[in-house]
Amino acid sequence: MNLFDYLCWVETEAAAHAVGMPKTDKVESTWQAVLFRAGGSRMLVPLVQVRAILPPPRQVQIPGAKPWVVGLANMRGELTGVYDLARLFFDLPSEPGRHSVVLLAKTQRFSAAFIVDRSYGIRQIPFSAERAVKEPHLQGVLREVRMDNDWLPILNLDALTDSDQFMNAVA
Amino acid sequence: MSLGVKLGGLSRQVITLVVVAAITLLVTVAIFILSAMNDQALLERRLVASQLERLSQEMTIETLRAVRGNKASFDTVLSLRAQFISDLNALSGKDPKRPAAGVPNERKAELAKVQKSWDEYNLALAKVLEGQKAILGVGDLASQINQLLPDLLSSSDEVVQTLIAAQASPQVVYLATRQLMLVERIGLTMGEITSGGQNAANASDRFGRDVALFGGVLNGFLNGNRMAPQINDPAARAKLRDVAVLFATVNQGGSDLLSEAPTLLAANQAAIKIDKIAGAFTGDVSKLSSTLAQDQVNAGQLAYFGYLTGLIVLLMLAWLGVVLVRDSRYAMKMTESQNQRNQQAILRLLDEMMTLADGDLSSHTTVTEDITGAIADSVNYSIDALRDLVGTINDTSVRVASAVQRSQADSRALAETSRVQAEKISSVSDAIAQMSDQIEAVSFNAQQSATIAQSSVDVAHRGGDAVRETITGMANIREQIQETAKRIKRLGESSQEIGDIVGLITDIADQTNILALNAAIQAAMAGEAGRGFAVVADEVQRLAERVGKATRQIELLVNTIQTDTSEAMLAMEQTTTNVVSGATLAENAGKALREIETVSLNLSEQISEIAKVTEQEALVATNLRQTVNNIRAETQETTDKASRAADEIGALGSLSQELNNSVAGFKMPDR
């Protein structure tokens with residue numbers, strides 16, 4: 001055993017006995033996302049794109065609009081379009097329940113709110129756990145993340161609201 | 001017999017006479033009653049008719065007085081008319097109070113004539129009565145005006161004098177003078193109107209015109225018109241005003257008088273008509289009255305028939321007296337000869353009965369048609385009965401003698417039989433004594449059995465009590481189980497309430513979660529400054545999630561509690577059912593024990609009864625032994641008496657012989 005090897009052994013032993021001492025492991029950088037469920041699928045949305053999570057508001061229906069356009073509502077004093085994510089993505093009607101909430105999007109041009117079945121709260125997402133979607137088939141979903149042995153789609157609200165499909169809301 | 005027929009014949013004749021006399025008497029009475037009733041009716045008719053005559057005359061007089069303004073006469077006329085109508089109705093037979101006053105059919109023509117006259121008269125009379133108010137009113141008005149007229153005349157005269165003194169124009173003086181004349185004429189014409197004469201119509205016309213002329217001229221003098229110029233002299237005007245004041249009253253009275261004038265005229269004309277027809281009317285009524293009076297005089301022939309029938313009744317009563325005297329004399333003669341014949345018959349019967357007294361039954365007495373015939377017949381019947389009696393006694397004594405001999409032999413045999421019977425009865429008495437001892441032993445055994453049965457009754461009773469206590473215990477258990485079930489049910493309800501509260505907590509946790517999320521978002525937007533707040537928000541979110549998990553666990557626990565309580569309730573219900581069925585079983589056992597108790601009691605009573613009966617039987621057997629001994633003694637006595645009876649029957653045979661000898665004295669006809 002040379003000296004280097006000895007030093008390495010000493011480090012290993014010390015680390016093994018360092019109970020109650022500050023972690024010396026490398027801290028992985030993460031970002032924050034809101035985990036929610038829509039149309040029976042769990043999805044994530046970056047926290048920075050969400051302005052608030054609120055109970056479903058009272059809204060008025062808009063005649064001649066696509067079925068996923070639920071209506072217009074007064075959200076914190078702003079005229080806001082309310083959309084049904086489940087119907088938009090999966091052509092399924094949302095299940096209104098006592099856990100239903102709306103995600104108020106933080107967009108520059110207009111105010112938009114998306115009805116989801118349930119919000120599970122904030123999750124810390126390691127950058128290493130995500131990857132690009134191989135075959136994007138959902139509008140605004142470009143990446144996905146590994147969580148609980150499953151790949152969950154990450155919804156980019158800016159990309160969604162900029163898309164042609166979203167802008168063409170007239171039936 | 002011939003006397004009875006004679007008497008019967010006499011009775012029929014007398015009865016016929018009495019009946020005929022009574023009928024004739026009734027006819028007489030009826031004739032007299034009829035005659036009296038007829039006379040009464042005729043008298044009443046005549047009185048009513050004569051009253052009609054008087055009424056018609058008085059009515060005419062009073063009517064003429066009434067028309068002349070006599071107020072009392074109007075009332076009299078009214079009452080007279082009512083009386084006349086009533087009487088006329090009575091004569092027509094329409095008055096139910098006086099049915100007898102109706103005239104007979106042959107006088108209806110006279111009555112119809114009166115009725116016709118009366119109808120005409122009554123019509124005129126009604127008009128007079130209608131004018132009553134006018135007649136009386138006009139009279140009053142006339143007297144009032146008549147009082148004023150002198151004043152009016154003198155005032156008008158003063159006017160004329162004043163005008164002449166004032167040297168008025170001749171035309172004015174003429175007009176004023178004419179006023180005087182008019183006043184006087186008004187007075188005259190008013191008299192004519194009130195008297196109601198032929199010229200009353202003309203008078204009333206003139207009266208109206210005079211009053212109008214006077215009024216017009218007076219008005220002209222005062223105010224000036226086409227009839228007269230106005231007078232300006234102050235003195236004359238003052239006088240004219242006096243005249244105008246008086247004339248106003250006269251004018252008013254005059255116009256009232258004129259308004260009544262037509263009625264008055266009609267009444268006066270009616271009165272004139274009444275005056276004209278009164279003679280004929282009164283004549284008709286008088287004729288009816290005299291006719292009815294003549295009818296009464298002519299009636300009365302009916303009474304003569306009554307006198308005739310009365311005479312017939314008297315003659316028949318005299319005949320009846322003669323017949324009665326003749327019959328009584330004949331009856332006396334018949335009775336005397338009958339008595340003589342009866343005396344002879346009785347003497348003959350006494351002779352024939354003398355032989356019967358000597359005991360000779362071989363001959364009969366002679367039966368004749370006399371009074372003794374029935375007695376002789378009865379005596380013959382007695383003789384026949386005596387013959388039968390004596391014959392029967394002879395035959396019977398012979399039969400008694402032979403029967404006595406047979407009875408004597410039977411009595412001897414009876415005495416021997418009785419002796420043998422006494423010996424047999426002795427052996428029966430011994431057997432009965434033995435039987436009595438055995439019955440006493442049975443009675444003792446039965447008493448023992450009764451005691452045992454009584455003890456079994458007590459045992460069954462105690463068993464029944466134990467079962468009843470068991471049933472009470474089971475009922476208590478059931479009540480306690482029901483109480484416990486209620487408590488468990490309340491527990492289930494409480495756990496339900498806990499579940500509700502947990503749901504509320506879950507909602508709060510969810511909302512807290514969302515709040516924490518929004519706080520985190522706000523912190524993130526604040527950038528570096530919000531990092532600390534983000535940590536707090538993160539902790540709050542974790543807390544909310546833990547609360548959510550804890551509430552889910554509580555919900556599970558509450559569900560488990562509710563399931564367990566439901567199962568516990570089911571188990572309790574099952575237990576209650578088991579307790580109830582156990583109680584039913586115990587009750588059945590109790591019933592069975594009660595039946596055993598009843599049966600044991602009955603058994604005990606029956607055994608006691610048997611013991612009592614056997615005891616009585618033992619007593620009876622002892623009595624029986626005594627009785628048999630008595631029978632044995634009496635049988636011995638019977639044997640002795642049978643021997644004595646045989647001896648006495650022998651004596652009876654000699655008594656029968658004596659009886660035969662006693663009837664040997666009667667002499668019987670040869671057979």
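Among contacts in chain A between residues at least 6 apart in sequence, 50% join residues at least 24 apart; two residues are in contact if their C-beta atoms, placed from the backbone, lie within 7 Å. The model is predicted: local features need pLDDT of at least 70, side-chain atom pairs count only at pLDDT 80 or more, and totals for chains, interfaces and linings use all residues. Residues are numbered from 1 along each chain as its sequence is written, while chains are lettered from A and ligands numbered from 1 in the order in which they are written.

**Chain A overall**
- Chain A has 4 helices and 12 strands (DSSP runs numbered from the N terminus: helices H or I, at least four residues; strands E, at least two).
- Of its 171 residues, 29% are buried (20 or more other C-beta atoms within 10 Å of a residue's own; exposed means 12 or fewer, partly exposed in between, with C-beta atoms placed from the backbone).

**The sheet**
- Six strands of chain A form an open sheet with mixed pairing, in the order S3-S7-S8-S6-S5-S4.
- Strands S3 (50-54) and S4 (59-60) of chain A each have a single partner strand, so one side of each lacks a neighbour in the sheet.
- S4(A) pairs with S5(A) (residues 69-75) in the antiparallel sense over 2 bridges (pairing requires at least two DSSP bridges).
- A:Val60 stands opposite A:Leu72 in S5(A).

**Helix H10 of chain B**
- B:Glu595 belongs to helix H10 (residues 531-662) of chain B.
- B:Glu595 counts as exposed because it has 12 C-beta neighbours inside 10 Å.
- From C-alpha to C-alpha, B:Glu595 and B:Ala460 are 9.1 Å apart in space, and they are 135 residues apart in sequence.
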